[in-house]
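Grab a pencil and have a look at the structure below. Then try each exercise before you read its solution.

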Amino acid sequence: MPQKNKFHAVYRCFAGCEGEYPLDEIIYRCPTCGGLLEVQHDMDSLKVMSGKEWRNLFEKRFMQPQHPFGSGIWGKKEWINPTMQDENIVSLWEGGTNLFAAQRLRKMMGIDNLYVKLCGNSHTGSFKDLGMTVLVSQVKQMIASGQEIRAVACASTGDTSAALAAYCAAAGIPAVVLLPANKISVAQLIQPLANGALTLSLDTDFDGCMAIVKQLTERKDIYLANSMNSLRVEGQKSISVEITQQLQWLVPDWVVVPGGNLGNISAIGKGFQMAYELGVIDRLPRLVCAQAQNANPLYESYQNGFADFYPKQAQKTLASAIQIGNPVSVHKAIKTLKAFEGIVEQASEEELANAAALGDLAGLFTCPHTGVALAATQKLRDRGDIQPKETVVVVSTAHGLKFTEFKQKYHESHLKEFASRYANLPKTLPATLDAVMEAVENRI
Ligand SMILES: *Cc1c(COP(=O)(O)O)cnc(C)c1O
Ligand SMILES: [Zn+2]
């Protein structure tokens with residue numbers, strides 16, 4: 001068993017500037033170049049355990065009832081935040097989500113070994129919980145050690161704010177969330193309100209909210225919870241380790257991830273790289289970042305071989321959580337995709353909506369972002385990048401129940417620009433057995 005304080009991690013500049021900073025320092029950007037930081041683990045100390053020993057340790061802890069190791073995040077604590085004290089951990093039992101062997105979807109899509117990693121089956125209904133437990137725990141530890149942090153703040157397309165509000169409510173720390181007015185679902189707006197967060201609805205888009213929260217958190221007593229803060233990436237990294245663990249430590253050929261601010265694709269890459277370096281897995285998968293065509297700055301950059309990147313104004317998309325034109329983690333994502341022979345694919349509104357509905361017909365209840373990833377997967381399969389026998393994991397980022405307006409409009413065929421191929425509506429009948437019998441006979 002590893003001892004508690006043998007392992008160590010610090011912030012370093014992602015672009016490679018000199019200097020390292022402790023994780024309890026309030027710092028989000030490199031003081032030299034202004035770029036993002038990343039958490040750097042002391043890999044030599046982690047290498048005292050073999051890949052096999054790490055695998056055994058993670059398996060032993062996985063989904064056990066003991067606090068905190070039963071959490072999918074904190075069961076891998078040494079790789080995530082090794083200096084966190086157990087009494088400061090704010091966990092809602094995140095992670096450990098089903099890797100769904102999507103039998104019927106396999107047939108529909110022509111991919112024999114398709115899995116869907118259901119990251120939305122989580123406390124607040126999205127993968128954002130995975131990073132937020134790490135960030136809010138760190139804040140709790142900083143407050144416990146006497147630092148003056150009066151609130152935690154974020155800009156959000158709806159899921160980050162829900163996660164921040166829930167974890168802060170559990171910890172008793174005030175939360176401030178900045179949301180673009182009328183651009184998030186009803187459920188996503190109700191979540192931070194219910195959890196008692198100061199909820200500010202601003203007449204702008206996500207990128208506008210992000211610009212303001214960056215300025216707000218220049219005050220040291222308000223801590224920034226966006227994925228610019230690289231602590232969140234550490235927790236989200238666990239997705240990759242969990243996927244391989246659930247495949248009996250085999251590595252899939254492809255992992256497809258919907259991307260907006262591009263923190264998650266970077267995190268998933270980092271998780272695979274760390275597992276590879278520590279001998280837990282013996283190869284790397286290829287990564288696919290799937291963007292909505294209406295918010296596709298990374299796709300455009302990919303088209304010119306990542307030679308340059310231009311932020312753009314994101315257009316309205318049903319995949320509202322990835323309606324982002326100026327992604328904070330773009331350079332991390334590009335570096336990741338280059339290291340993983342990555343591909344960026346896009347999906348139109350019609351493609352994402354029909355792909356989401358097709359997934360539902362195979363037993364899922366998909367959010368529109370998962371629809372983007374499924375549509376991109378289908379395109380890669382159709383043009384032969386993905387071969388029928390390869391193992392493919394689609395990362396489902398949120399629970400469909402957070403996006404019922406999207407589904408309702410789809411099934412009522414109220415999405416103006418295109419036809420809802422799989423629409424299914426309730427039939428209104430007189431309350432008689434005959435009428436019901438007839439309807440059943442007509443369907444089966
Ligand atoms: C945040 C989010 C994404 C995008 O993740 P990024 O790290 O911003 O790329 C995708 N889907 C859902 C449901 C999300 O909440
Ligand atoms: Zn730097």
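Predicted model: local features only at pLDDT ≥ 70, side-chain atom pairs only at ≥ 80, totals over all residues.

**Exercise 1.** Work out whether T199 is buried or exposed, and find out what surrounds T199.

*Solution.* 
Step 1: T199 sits in strand 8, which covers residues 198-202.
Step 2: Check its accessibility. The relative accessible area of T199 is 19%. Buried means under 20%, so T199 counts as buried.
Step 3: List the neighbours. Leaving out residues up to four places away in sequence, T199 touches V177, L179, L189, P192 and L193.
Step 4: A polar atom of the T199 side chain lies 3.1 Å from the backbone oxygen of A197. The cut-off for a polar contact is 3.5 Å.

**Exercise 2.** Find how far apart T199 and F406 are, in sequence and in space.

*Solution.* 
Step 1: Go along the chain. T199 and F406 are 207 residues apart in sequence.
Step 2: From C-alpha to C-alpha, the two are 23 Å apart.

**Exercise 3.** Describe how strand 6 is covered and which strands pair with strand 6.

*Solution.* 
Step 1: Count the buried residues. Strand 6 spans residues 151-155, and five of its five residues are buried.
Step 2: Sort them by face. A151, A153 and A155 are on one side, while V152 and C154 are on the other, and both faces are covered.
Step 3: Find one partner. Strand 9 (residues 222-224) runs parallel to strand 6, joined by three bridges. Here A151 stands opposite I222.
Step 4: Find another partner. Strand 7 (residues 175-180) also pairs with strand 6 in the parallel sense, over four bridges. In this pairing, A155 stands opposite L178.

**Exercise 4.** Describe the lining of the largest pocket and of the second largest pocket.

*Solution.* 
Step 1: Take the largest pocket. Its lining has 22 residues, with K316, T317, L318, S320 and K409 nearest the centre. Helix 16 (residues 404-411) gives the largest share, three residues. By class, the lining splits into seven nonpolar, eight polar and seven charged residues.
Step 2: Turn to the second largest pocket. Its lining has 17 residues, with E38, V39, K270, Q273 and K335 nearest the centre. Strand 3 (37-41), helix 11 (263-277) and helix 13 (330-339) each give two or more residues. Helix 11 has the largest share, with seven. The classes here are six nonpolar, six polar and five charged.

Terms used
Residues numbered from 1 in each chain as written. Chains lettered and ligands numbered in written order. Heavy atoms only, no water. Buried < 20%, exposed > 50% of the residue type's maximum accessible area, 1.4 Å probe, protein only. Contact = heavy atoms within 4.5 Å. Polar contact = N/O pair within 3.5 Å; in protein donor to acceptor, adjacent residues only side chain to side chain. 1 Å grid on protein atoms, 1.4 Å probe; cavity = no way out; pocket = protein on both sides within 12 Å on 5 of 7 lines; lining within 4 Å. Nonpolar A, V, L, I, M, F, W, Y, C, P; charged D, E, K, R; others polar. Pairing = 2+ DSSP bridges.
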